[in-house]
Amino acid sequence: MANLSLLDLVALCDNARPPKDSTSPSPFDEEKLVPFCLSQTAGSPVVGLLRPIIVSKLALESIYAWDIQETRVSFHADIDSPAKRSAIMRELCERWRDEELFPDVCGPRKWRSELYAIWKDPFGAHEYPSSTNDDISNFAFEMERSACALFGVITYGVHMSAFEHDENGLRMWIPTRARTKQTWPGFLDNSVAGGIPSGMTAFESLVKECMEEASIEEDIARKHIRSTGAVSYFFRTSQGWLQPEIEYVYDLLIPSNHPTPEAFVPKPSDGEVESFELMDLELVLRKLRQGLFKPNCAVVIIELLIRLGYVTPENEPDFMKLLIRTHNDFDYARWQ
């Protein structure tokens, strides 16, 4: 049975440092990653990092869609708006899906039919434009969720912890992911979590997920959920695909004196979750150290325990490493 440290848990999720070596030796460390730029012009935003196999596949595509150079890959100069870029990415990803070119990533069984927004400045304002025919906003394009790892683009999600916190300690609502999930089936999760669909804000996507995943009504979510920050990490899959991710973090502190406490009890709704269990801190920590949580969910719980004062510099020797590793900037300045 595993006995993972908190830093071990973070390292499962934050396991890469492209364009440098990974935090742990990896057979993919020697791959030359090529910046994925929006345009051919100098100083064009870099939106992703491409592995050699993707560069070689893009080199076979139309020269009127892509410009392939040794030091960077970009859209052709005529592909100069979010709408045009999105159309190119949609056709490409759907064709690669149908050809089963990368079945472990975006093949028919992995396809999500959900679009993610890609931003010119990943740390800038995320405001979806009223028109995608001009190129004046931070919005770059949108693409199929499952294919994002092929292009090494930064993606975004929301994670919420629903918990009771009083003189008797901390108790958290922990779901078990459905065994039919495409990713991490049967693992433990955060109370509510999900990706942010293109065109939707972080909070609105969380409200939607609350209703769909946990049967938490909209009025309860809007009144009682609080934004508390974000975590970020650079994950590389066992097949070498790059997934830099930012997760917006939220708390639902369940009030002790609410007239309808049952309104805060999460219940499975859309088949994404098998069951919910109210766990005390001792049980949560035990299951964390056993490696039973989906890795990025473990990161969010560790961040919560730091904020609530359960993990401190006095009781955790890796305290500062935890803080740094859960707020990763992906060495983004070095992507150029």
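This is a predicted model: local features need pLDDT of at least 70, side-chain atom pairs count only at pLDDT 80 or more; totals for chains, interfaces and linings use all residues.
So, which residues form one aromatic cluster here? Hold that thought for a moment.

Quick look at the overall fold, then. The protein chain has 10 helices and 12 strands. Its radius of gyration comes out at 21 Å, close to the 20 Å from the globule rule for 336 residues, so the chain is as compact as a globular protein of that length.

On charges, we've got 34 positive and 51 negative side chains, with the centres of the two sets 3 Å apart.

Okay, back to the rings. Searching the whole structure turns up 18 aromatic pairs. One of them is Trp66 with Phe75, which is stacked, at 4.8 Å centre to centre and 25° between the planes. Trp66 and Phe75 are both buried. Another stacked pair is Trp96 with Phe151, at 6.1 Å and with 10° between the planes. That one links distant parts of the chain: Trp96 sits in helix α3, Phe151 in helix α5, and they're 55 residues apart. Trp96 is buried at 2% relative accessible area, and Phe151 is buried too, at 0%.

Which brings me to what I asked at the start. The cluster is made up of Phe36, Trp66, Phe75, Trp96, Phe102, Phe141, Phe151 and Trp241.

Note on methods
Residues are numbered from 1 along each chain as its sequence is written. Side-chain values use heavy atoms; hydrogens and water are left out. Helices (H or I, at least four residues) and strands (E, at least two) are DSSP runs, numbered from the N terminus. The radius of gyration is taken over C-alpha atoms; the globule rule is 2.2 Å times the number of residues to the power 0.38. Lys and Arg count as positive and Asp and Glu as negative; His and the chain ends are not counted. The place of a charge is taken as NZ of Lys, CZ of Arg, CG of Asp or CD of Glu. Rings of Phe, Tyr and Trp (its six-membered ring) pair if their centres lie within 6.5 Å; planes under 30 degrees apart count as stacked, over 60 as edge-to-face and the rest as tilted. Buried means under 20% relative accessible area, exposed over 50%, partly exposed in between (1.4 Å probe, protein chains only).
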